[in-house]
Structures are given as C-alpha cells and as structure tokens.
Amino acid sequence: SAYIIYSPKTENEQFNQTITSLTDSIIADFDSKAPGEDVDVLFVDYGIKTTDSKYLNLNFIVNMQFGEQKETVQKHYCLNGVSGELLSLQDVCRGEFAQKLKLFVKRDLELEDDVEIAGDYTSFALDSENLSLYWAGDQVVTVPLKYIPELIDYPKIDYNKPMIALTFDDGPNKTQTNRLLDCLEQYDARV
C-alpha cells in the first residue's frame, strides 16, 4: 500500500495532535478495507475554512484505490479555533439540540425511520449562517442558524469564575459604538 497524505501543520501543538489523530484514523480505515495488493493507494488532501477565531472547519478529501476500484469520500470536522481540539455537537450546541436537528435531518434526507444524533457526533461544520451535518456518504443537511439560534452555544460561561456584565444605553451610535466594540475586542470581552 502507498500513502500520500497532505495535512496542515501549525505552531499549535494541540491542533497538530488532533490532525495526526484524524489522519491516523483515515489510514486505519483504509488499511481495514485494503485487500493488501501492491496497487492499493491512499491519497488525502484537505481544505480549511475559518468562520471566526472560535471555529475552524476542516475537510479531508480521501481518495482510495484498491486495484482498479476507486472510492472518494469526504470527512468533515469542526475544531476549536483557539485550542485545536476536535469538537462534537455537544461542544457547540446546548439544550435539546438532538430533537430539533432530527427534524431537519429527516426532512432533508427524506427519512422515515427515526434518526439518532448523538452528542459526540463530529461530522459537521459551523459557520456564521449554517450548521451543516454530514451524513452517510456525501449527504449533507444544512440547518440555517436563524432557525435554531438558541441551540448554538456562544459562548460557554463558567459561573465559577468571576465575571461582570455590562450594558450600554443610548446606542447604537456610529462613532461611540465602534470605539466601544474595538475596546471590548482588544481585551477579548464577549459581546
């Protein structure tokens, strides 16, 4: 078997460990399917899309060749944009997200059977407008965030840590609002 793997490398060691773990999983999956002939080839490429500093969407394009048979699949993952850790739906959603997401999956994929969406589900991407769930094969269910705003966990609050909440009245104002937002961003304050 031959492996050709392209994957991102960064200065963030946790991110690199997550990527290595994901590519090792792809190789193990390939090895389990490969009949062990000399012409078995695995070629992996990737794409990255950041939505903001909070989420990073990673897409692996996996091309497998077993003799004359070829197969291409895509693997989608959402990573924490700061720590580089692999995220699950449980990490980015709150409450009864599974029940609401089931309705979109059943509708979009025209499924009659009950759909299970576990909190540890990791084949998804999140951007500023949509939550995309990648299903068996290349099926994708895109859920506009405007329909499920209460599900997305922006941000997690640790009530055990000291915190302060600020409110600003008499706005928005072109000049003052932008200055205020710039100041809050400078100190990593959540808005």
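The structure is a predicted model, in which local features need pLDDT of at least 70 and side-chain atom pairs count only at pLDDT 80 or more, while totals for chains, interfaces and linings use all residues. Residues are numbered from 1 along each chain as its sequence is written, and side-chain values use heavy atoms, with hydrogens and water left out.

The chain contains four helices and seven strands, taken as DSSP runs (H or I of at least four residues for helices, E of at least two for strands) and numbered from the N terminus. Read from the N terminus, these elements follow the order β-α-β-β-β-α-α-β-β-β-α. Of the 191 residues in the chain, 32% are buried, where buried stands for under 20% relative accessible area, exposed for over 50% and partly exposed for values in between (1.4 Å probe, protein chains only). Among contacts (heavy atoms within 4.5 Å) with a separation of 6 or more, 53% are made by residues 24 or more positions apart. The chain exposes about 12,600 Å², of which carbon and sulfur atoms supply 48%; accessible areas come from the Shrake-Rupley method with a 1.4 Å probe, and for residues only the protein chains shown count as cover.

A search of the whole structure gives four aromatic pairs, a pair being rings of Phe, Tyr or Trp (its six-membered ring) with centres within 6.5 Å, and planes under 30 degrees apart counting as stacked, over 60 as edge-to-face and the rest as tilted. One of them is edge-to-face, because the rings of Tyr-6 and Phe-43 have centres 5.8 Å apart and planes at 70°. This pair links distant parts of the chain, with Tyr-6 in the loop between strand S1 (2-5) and helix H1 (13-33) and Phe-43 in strand S2, 37 residues apart. Tyr-6 is partly exposed at a relative accessible area of 45%, and Phe-43 is likewise partly exposed at 29%. Phe-30 and Phe-66 form a stacked pair, with 5.3 Å from centre to centre and 20° between the planes. Here too distant parts of the chain are linked, as Phe-30 belongs to helix H1 and Phe-66 to strand S3 (residues 55-66), 36 residues apart.

Ile-48 lies in strand S2 (residues 41-50) and counts as partly exposed because its relative accessibility is 39%.
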